[in-house]
Amino acid sequence: MKSLGWLRLPLALCMLFLYLPIAVLVVMSFNGGRSAFTMDGLSFRWYAKLAGNGDLLTALGNSLLVATGATVIAVVLGTTLAVGLARYTRSSTLDAYAMAPAIMPDLVLAIGLLAFYSLISMTLGLFSVMLAHAVFGMAFVVAVVRARLVQADPALEEASRDLGAPAFTTFRRVTLPTIAPAVIAGALLTFTLSLDEFVIAFFTNGPTTPTLPISIYSMVRFGVTPEINALATVLLLVSFTVVIASARLSRRTEALDE
């Protein structure tokens, strides 16, 4: 272990490089001046302006609607697919297809979805973004839930079926309670990824229903104000909260296995 001591300084510098800009952004969100880059006292004025910005609040509502719908779709389809891959069909090819949306670049997935929507003449809007986010969100749900199913004892499900319980009753009474923490963790991951996602939403959304990342991009093009810093701080807080909750649920799942 002592031989690895030389890695501490490079690791510390790497962490500083990654997180110092985030810390600066949070501090500048409390700037009392009009500049986004020069500190002029402490104030909550930009949070107040953010709360009164109707366009941003509308965009936030759109993002929350999309994230909620995408999470529901991804959880239902992803959980079903994970159970099928873990219990009924063992195929490395199907595993690769299930994980493909999470592995491939967002730009490739966005262009592919846009081409598909154009092929079927689908009107672009919040629903098209919701479906697009559900596609890549489903891959994360499959990964988390399937990992839990691999660790779970299939003998409990077999015993339930041997005692005469139908397949759906076995899933509802035995399988679902076992994988519930993983399902919730996958849902939280899908929600936070959808809330922050820009590239896919930019390609698959219509012009009249911008999501929050698209609105932020439009504002940044015309100049950055401390209001952007305040909004980014709120998004960071929400994202960190959801990710931490997901990580704690995953650890709880591992503890139950032990």
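**Pairs, cores and patches in a helical chain**

Biologist: Which residue forms a salt bridge with Asp 95?

Modeller: A salt bridge is a side-chain nitrogen of Lys or Arg within 4 Å of a carboxyl oxygen of Asp or Glu. Here the closest N and O atoms are 3.4 Å apart. Asp 95 pairs with Arg 146.

Biologist: How many residues apart are the two partners?

Modeller: Asp 95 is in helix 4 (residues 92-103), and Arg 146 is in helix 6 (residues 126-151). Helices here are DSSP runs of H or I with at least four residues, strands are runs of E with at least two, and both are numbered from the N terminus. The pair links distant parts of the chain, and the gap is 51 residues.

Biologist: What kind of model is this?

Modeller: Residues are numbered from 1 along each chain as its sequence is written, and side-chain values use heavy atoms, without hydrogens or water. Local features need pLDDT of at least 70, side-chain atom pairs count only at pLDDT 80 or more, totals for chains, interfaces and linings use all residues, and the model is predicted.

Biologist: How many helices are in the chain?

Modeller: Read along the sequence, the pattern is α-α-α-α-α-α-α-α-α-α-α. There are zero strands. The helix count is eleven.

Biologist: Which residues touch the most other members of the largest nonpolar core?

Modeller: A nonpolar core is a set of buried Ala, Val, Leu, Ile, Met, Phe, Trp, Tyr and Cys residues joined through side-chain atoms within 4.5 Å. Buried means under 20% relative accessible area, exposed means over 50%, and partly exposed lies in between (1.4 Å probe, protein chains only). The largest core has 15 residues, and the two that touch the most others are Val 145 and Leu 149.

Biologist: Which helix gives the most to this core?

Modeller: Helix 3 (54-88), helix 6 and helix 8 (167-196) each give two or more residues. The top contribution is six residues, and it comes from helix 3.

Biologist: Which residues does Val 145 contact, leaving aside neighbours within four places in sequence?

Modeller: Contact means heavy atoms within 4.5 Å. By that rule, Val 145 is in contact with Thr 79, Ala 82, Ile 179, Ala 182 and Val 183.

Biologist: How many aromatic pairs are there in the whole structure?

Modeller: Rings of Phe, Tyr and Trp (its six-membered ring) pair if their centres lie within 6.5 Å; planes under 30 degrees apart count as stacked, over 60 as edge-to-face and the rest as tilted. A search of the whole structure gives eight.

Biologist: Why is the pair of Phe 30 and Tyr 47 called tilted?

Modeller: Phe 30 lies in the loop between helix 1 and helix 2 (45-51), and Tyr 47 lies in helix 2. Their ring centres are 5.2 Å apart. The pair is tilted because the planes meet at 35 degrees.

Biologist: Which residues make the nonpolar surface patch of about 480 Å²?

Modeller: Patches use residues with over 30% relative accessible area and no salt bridge; like charges are joined within 9 Å, nonpolar side chains (Val, Leu, Ile, Met, Phe, Trp, Tyr) within 5 Å. One member, in helix 1 (residues 8-28), is Leu 9. Leu 9 is exposed, at 59% relative accessible area. The patch is made by Leu 9, Leu 13, Leu 16, Leu 20 and Val 24.

How values were computed: Accessible areas come from the Shrake-Rupley method with a 1.4 Å probe; for residues, only the protein chains shown count as cover.
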